[in-house]
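User: Could you take me through how to read a few features of a model such as this one, giving the general idea before the particular case?

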Amino acid sequence: MIYPIVKYGDPVLEKPAAPVEVFDDELRKLLEDMFESMYAAHGVGLAAPQIGISKRIAVIDVTFKEDPSAKLVLVNPQIILTEGKQKGSEGCLSIPDFREPVTRPQRVTVRAQDGTGKWFEKTGEDMLARAFMHETDHLNGRLYIHHISALKRDLMKRKIRKLVKAGEWGD
Ligand code: NI
């Protein structure tokens, strides 16, 4: 099932998501649906709040279907180590058609559970490190626009308000 993506302005995007405690078939179905929804929206990462589900779940595929082994499920993820810095352009499916440069760590280690509840650790660099930070932020109610200057953020918000008025934002 493909879920519509929740757009910026919906409060679900700015509140901390609840931990997952039950690892059942329902969760695994949700994970499948999240990958399907992410690919349909042409994204490389998707957090559950972006489909209106306030739970600590994210899916990532920085290769966008190129490498099936790159598909990553993060349930209850925690960032346990960050190193270095990278500056690069970042976007978000919930803030379509906008991109801004965001500084992130170059190398990030995440600790998370998979769809069965098993804990694992994974270290990523470059785009994967960025995705770990971006998606974990989502689960804490934070968006990449919280990492840009207040001036740029206000300008973006103003543009979005215009889009909302024009009926060109949201579903
Ligand atoms: Ni995002």
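This is a predicted model: local features need pLDDT of at least 70, side-chain atom pairs count only at pLDDT 80 or more; totals for chains, interfaces and linings use all residues.

User: Let us begin with helix H3; which of its residues are buried, and why do they line one face?

Analyst: The general idea is that an α-helix has 3.6 residues a turn, so residues three or four places apart point the same way. In H3, the buried residues are Arg153, Met156 and Ile160. Seen down the axis of H3, these buried residues fall within an arc of 65 degrees, so they line one face of the helix.

User: What do the buried residues of H3 pack against, and which exposed residues does the face turned away from them carry?

Analyst: The buried residues of H3 pack against strand S5, residues 100-104, whereas the face turned away from the buried side carries Leu151, Arg161, Lys162 and Lys165, which are exposed. As for its length, H3 covers residues 150-165 and reaches 22 Å from its first C-alpha to its last, close to the expected 22 Å. The helix is followed by Gly167, whose phi is positive, near 70 degrees.

User: Turning to strand S6, how many of its seven residues are buried, and which strands does S6 pair with?

Analyst: Five of the seven residues of S6, which spans 107-113, are buried, so the strand is largely enclosed by the rest of the structure. S6 pairs in the antiparallel sense with S3 (residues 72-83) over six bridges, and Gln113 of S6 is the bridge partner of Val75. S6 also runs antiparallel to S7 (residues 119-125), to which seven bridges join it, with Phe120 in S7 as the bridge partner of Ala112.

User: What lies between S6 and S7?

Analyst: The two strands form a hairpin with five residues between them, and in the turn Gly117 has a positive phi of about 100 degrees.

User: Are Cys92 and His138 buried or exposed?

Analyst: Cys92 counts as buried at 10% relative accessibility, and His138 is buried with a relative accessible area of 1%, because buried here means under 20%.

Notes:
Residues are numbered from 1 along each chain as its sequence is written. Side-chain values use heavy atoms; hydrogens and water are left out. Helices (H or I, at least four residues) and strands (E, at least two) are DSSP runs, numbered from the N terminus. The expected span of a helix is 1.5 Å times one less than its number of residues. Buried means under 20% relative accessible area, exposed over 50%, partly exposed in between (1.4 Å probe, protein chains only). The arc is that of the directions from the helix axis to the C-beta atoms. Contact means heavy atoms within 4.5 Å. Two strands pair if DSSP finds at least two bridges between them.
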